[in-house]
Amino acid sequence: MNKQSFEALSAGTLPHRLGSNAVLKEKIGDDFTRWSVREVGDGNLNLVFIVTGAKGAAIVKQALPYVRLVGESWPLPLKRSFFEYHALVRQGARDPGMVPEIFFFDAGQAIIVMEYLTPHVILRRALIDGRQLPKIGRDLGLFVARTLFRGSDLCMVTRDKKTDMALFADNIELCDITENLVFSDPYFEAEMNRHTSPQLDPLVAELRADRDLKVEAQRLKHLFSAKAETLCHGDLHTGSIMVTDDETRVIDPEFAFYGPISFDIGMLLANFWMSYFSQTGHESAPGARDAMRTYLLDTIETIWETFRVEFANLWRSEREGILYQASLFENRGDPLGAEQALNIVLNEIYHEMLGFAGIEIHRRILGLAHNADFESITDPGRRATCESKALKLGRHLAVNRHRIPSLKDIRATAERLQ
Ligand code: ADP
Ligand code: MG
Ligand code: MG
Ligand code: MG
């Protein structure tokens with residue numbers, strides 16, 4: 001099949017196309033005529049099917065040569081499937097059990113067959129419904145610490161890291177989407193932008209005239225494009241996380257690229273702050289979601305605190321790369337020297353992360369790809385009230401990121417805005 005030209009799957013053709021594959025027969029069932037196929041893709045870019053048979057089930061994800069959300073007028077290369085596959089393999093090795101198991105990959109057809117996560121639901125959906133998931137703060141904090149530390153020059157053999165950077169450097173088109181849609185389009189009247197209008201018009205005009213904000217957005221874009229520290233997931237929002245009360249899984253790393261350690265964490269926390277401000281739009285009566293709001297701010301602090309502690313553990317136990325070598329510190333009887341460096345590195349990650357969070361909030365309200373937290377608030381006046389608070393926090397995070405002392409300080413700001 002590799003040699004054949006690309007052909008999009010459909011629920012009708014999938015069993016015939018994949019039915020002779022030994023791995024799938026093993027997972028789903030030998031007789032493909034008895035497979036049942038359901039398309040579930042709710043994402044912006046790709047096709048996703050659940051395939052069920054006598055033995056079990058699997059997910060079949062296929063990239064299309066264009067952006068699904070927009071159509072064939074916006075071509076996007078199939079090779080994003082290759083980067084998603086390679087990122088899943090690396091994340092699975094760096095934080096075992098946190099990404100779906102991969103059963104099969106076909107680069108030519110841009111098909112990844114993977115473990116069907118059930119009864120997991122998308123975290124964003126659960127948060128909109130007001131569900132408090134007890135384990136996500138810790139699971140996600142560990143995930144970002146392990147994947148980002150273990151993919152960096154702090155841990156990797158330099159030849160392996162440079163070879164891997166070369167492999168992922170070709171994910172040009174997906175980086176280009178982030179560079180434009182996230183870091184630039186929200187800050188001018190770009191064609192594909194939209195926002196809740198006219199309610200947000202005055203605030204949007206103010207943000208687009210805000211020189212300090214635009215300078216910060218471009219500094220952060222500079223970091224995104226030039227600071228190739230580690231293999232980032234690249235699209236780590238609450239729509240890329242699937243949960244039960246006991247389990248947390250991360251999916252959809254097709255935007256994977258070598259970038260700043262702070263990027264994934266900032267994007268992740270931004271989505272919790274947006275969930276926080278969107279709760280007013282979903283509560284049945286004023287105050288009904290107070291406990292949920294507290295839970296969301298607590299979860300933000302748990303993610304960061306868990307990241308910090310695990311990153312420090314890995315710093316002390318797996319710092320085997322080219323940076324801050326033990327030969328300069330611990331081996332010369334100066335463990336405090338390594339601790340000093342650790343604090344500097346964590347501090348830098350913290351201040352960058354706040355900036356990325358601010359920009360991510362803006363682009364989800366002003367750019368092309370909005371999120372369901374706000375979009376599912378049907379009354380535009382009510383939606384705009386939530387969105388404007390989030391926009392203000394985003395501006396504060398992006399512009400004042402070097403001066404914000406702690407997440408406790410941001411909690412106070414968020415509660416004041418709310
Ligand atoms: P896209 O890249 O188009 O955003 P995703 O990988 O996010 O695609 O998948 C789209 C949707 O398909 C997810 O929101 C989820 O509902 C479902 N899905 C994807 N992967 C799995 C999986 N391994 N198990 C269960 N459902 C999945
Ligand atoms: Mg997705
Ligand atoms: Mg998704
Ligand atoms: Mg995706």
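Let me start with strands β4 and β5. In this predicted model, β4, residues 66-67, is joined to β5 by two bridges, and the two strands run antiparallel. Val-67 is the residue that stands opposite Gly-71 in β5. Three residues lie between β4 and β5, and the two strands form a hairpin. How many of the five residues of β5 are buried? The number is zero, so β5, residues 71-75, lies largely in the open.

Next, the five-stranded sheet. This sheet is open, its order is β1-β2-β3-β7-β6, and the pairing is antiparallel. Which strands are at the edges? They are β1, residues 36-39, and β6, residues 102-106, and each of them pairs on one side only. From one strand to the next, the twist averages 20°.

Stay with the β6 end of that sheet for a moment. Four bridges join β6 to β7, residues 111-115, and this pair runs antiparallel. If you want a place to look, find Phe-105, which stands opposite Ile-112 in β7. A helix packs on the sheet here: α3, residues 80-94, touches β6 and β7. The direction of α3 makes about 150° with that of β6. β6 and β7 also form a hairpin, with four residues between them. In the turn of that hairpin, Ala-110 has a positive phi of about 55°.

As a reminder, strands of a sheet pair through backbone hydrogen bonds, either parallel or antiparallel.

There is also a sheet of three strands. It is open, with the order β8-β10-β11 and antiparallel pairing. Here the edges are β8, residues 121-122, and β11, residues 248-250. Each of these has a single partner strand, so one side of each is left without a neighbour in the sheet. β8 is joined by two bridges to β10, residues 241-243, and the two run antiparallel. In that pair, Val-121 stands opposite Val-243 in β10.

Now the helices. Two packed helices are described by the angle between their axes and the distance between the axes. I have two pairs to show, and α14 is in both.

The crossing of α14 past α15 is right-handed. On the α14 side, the residues that meet α15 are Lys-389, Lys-392, Leu-393 and His-396. On the α15 side they are Thr-413, Ala-414 and Leu-417. By class, this contact has three nonpolar, two polar and two charged residues.

In the second pair, α14 meets α9, residues 211-226. The two axes come within 9 Å and cross at roughly 65°. That makes α9 roughly perpendicular to α14. Which way does α9 pass α14, left-handed or right-handed? This crossing is left-handed. From α9, the contact takes in Asp-212, Leu-213, Glu-216 and Ala-217. From α14, it takes in Arg-395, Ala-398 and Val-399. The classes here are four nonpolar, no polar and three charged.

Last, two single residues.

Where is Gly-367? It is found in the loop between α12, residues 335-366, and α13, residues 372-375. Is Gly-367 buried or exposed? A residue counts as buried if 20 or more other C-beta atoms lie within 10 Å of its own. Gly-367 has 22 within that distance, so it is buried. Leaving aside neighbours within four places in sequence, Gly-367 is in contact with Leu-181, Asp-185, Pro-186 and Asn-193. As for Thr-33, it is 334 residues from Gly-367 in sequence and 44 Å from it in space, C-alpha to C-alpha.

The other residue is Asp-290, in helix α11, residues 290-317. The cut-off for exposed is 12 or fewer. Asp-290 has 11 other C-beta atoms within 10 Å, so it is exposed. Asp-290 and Tyr-276 are 14 residues apart in sequence, and their C-alpha atoms are 9.9 Å apart in space.

Technical notes
Residues are numbered from 1 along each chain as its sequence is written. Chains are lettered from A and ligands numbered from 1 in the order in which they are written. This is a predicted model: local features need pLDDT of at least 70, side-chain atom pairs count only at pLDDT 80 or more; totals for chains, interfaces and linings use all residues. Two residues are in contact if their C-beta atoms, placed from the backbone, lie within 7 Å. Two strands pair if DSSP finds at least two bridges between them. Axes are lines fitted to C-alpha atoms, for helices over the stretch in contact, and angles run from 0 to 180 degrees between N-to-C directions. A crossing is left-handed if the near helix is turned anticlockwise from the far one by less than a right angle, and right-handed if clockwise. Ala, Val, Leu, Ile, Met, Phe, Trp, Tyr, Cys and Pro count as nonpolar, Asp, Glu, Lys and Arg as charged, and the others, Gly among them, as polar. Angles under 35 degrees count as roughly parallel, over 145 as roughly antiparallel, 65 to 115 as roughly perpendicular and the rest as oblique.
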